[in-house]
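Grab a pencil: here are a few exercises to work through with the model open. Each task comes with a stepwise solution.

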Amino acid sequence: MRPTRARLGLALLMLPTLIVAMDLTALLLALPELSADLGATGVQQLWISDGYGLVVAGLVITMGTLGDRIGRRRLLTGGAAAFAVLSVAAAFATGPLMLIVVRALLGAAGATLAPSTLALITNLFRDDRERGRAIAVWATCQFTGGALGPVLAGFLLQHFWWGSVFLAAVPAMVLLVLAGPALLPEYRSDRAARLDPVGVALSLAAVLPMVYGVKQLAAGGASAVPALLLVAGAVLGGLFVRRQLRQDAPLLDLRLLDVRRAGNRPFTAVLVSLVLAGVAMAGTGLEVTQYLQGVLGHSPFASAVLFAPMGLGVAAGTMTAPALARRLKPTTAIAGGLAVSAAGALLTAFADGPGALPLVITGVTVLALGTGPLFALGTGLVLASVPPERAGSAASMSETGNYLGGSLGFALLGTLAATVYRDHVHGGSDSLAAALATAARLPTDRGAALLHDAREAFTAGLHVTGLVAAALLAGLAVLTVAMRPRVPAGTAATAARPEVPGLPDVPEYQVSR
């Protein structure tokens, strides 16, 4: 493909990459206004915020395989058209239940876009160095989009109603549908894995009950029903794993996670890190955006501007990762970055009083900066783990880790923070948003007392979230180093390994096919 057309195609692919990632986090700032308008409960707010990401995570592997079979461009443009229509429906939702359903359908459409963009990059760029740079740009757009979602939402909320947050995706998706056939190559493979409807159903049936059980336990205390949901999800997850291990061409090749083979260890460490780093980033971002508004009293737009350095941190980290890998071993770069991220998360655990704002902003910026090597270099490793005809499936494995981590971050760390909040207010209010709404209707002295208690409680939840995120990231840094295969010098093991786009030629990135 001619260089000019390839670059234009890459620019077009960045649109869905940005939009899908932004849609995951755009509601962080819109959630208080949206919840007040629709009357959403605390549990409904969690489903509205993370139902989208959960469906993306549950279906992205299926969609990656489907794209390999029917055509990656066809799947991409079809998903973009559906995304545009559903975004309009979400903008004009009349109740929380309708918005939850539409957000789930948006997740299904988003799952068609996520793996197709990365897989098509492998068709646009045949040269390893150019492909490596393109992957770095892709990673920058994806994770910057997630961080800048609240920024766009803040700007729109300053001038329009909350539905405008969803409508922002429509022009980009329409452009993709119109320009895609002219700029993007089509690719399909006769050797792609067959679809597995039973496996798809098992993956969704395992994830959704477990997350719902966690939310219900936090919302209503100990209960038999949430506990049963957790057990059922675990059992179904076990059945999914068993089915995948028995198939010749599974949806998710879990054999690549077998750490008994030294070549698989970096791959396993990357996927685990993508999930847990996503948990840390999303959970911390959720708390910080609400802290800026509800505790520090900034407007949605001002909060968006203050939150923007997190997006800049992601961009800087991913774009400089290939250059960093030329000077350090990739595992060293990834582990060092995760250690930096842990330090950033730890800063948010000490945010309080007059110096809270600079600590919070510095903390989330450093956290985002340190994840750059993981996202940029780790993605190349995942793509190198399978033959080119299964690039869509491999891309979906990386995307699954990203989106599952983000959704679990909202669900798990969001639920943890909500539990800490309720313990501190002793049942005085269900959430900070509810306390703000109630205080506005109370006499001045009673409203001020309620707000003081609610803000102190929310700050305590932020501190706990920061500590947990720091522990997760520090643990991942240790895991990355520990899982590095030790290949003896002078062996011939490196000769058989696939090249990883954008990475130096080092033994530690040997991958078992």
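What share of the contacts in the chain with a separation of 6 or more comes from residues 24 or more positions apart? Take contact as heavy atoms within 4.5 Å. The share is 81%.

Before going on, some ground rules: this is a predicted model, where local features need pLDDT of at least 70, side-chain atom pairs count only at pLDDT 80 or more, and totals for chains, interfaces and linings use all residues. Residues are numbered from 1 along each chain as its sequence is written, and side-chain values use heavy atoms, with hydrogens and water left out.

**Exercise 1.** Work out how helix H13 (residues 330–348) packs on helix H18 (residues 444–482).

*Solution.* Start with the axes, lines fitted to C-alpha atoms over the stretch in contact, with angles from 0 to 180 degrees between N-to-C directions. They come within 8 Å and cross at roughly 165°. Angles over 145 degrees count as roughly antiparallel, and H13 and H18 are therefore roughly antiparallel to each other. Next, find the partners: Ile334 and Leu338 are among the H13 residues that meet H18, whose side includes Leu473 and Ala477. Finally, sort the contact residues: 16 are nonpolar, six polar and none charged. Here Ala, Val, Leu, Ile, Met, Phe, Trp, Tyr, Cys and Pro count as nonpolar, Asp, Glu, Lys and Arg as charged, and the others, Gly among them, as polar.

Note on methods:
Helices (H or I, at least four residues) and strands (E, at least two) are DSSP runs, numbered from the N terminus. Angles under 35 degrees count as roughly parallel, over 145 as roughly antiparallel, 65 to 115 as roughly perpendicular and the rest as oblique.
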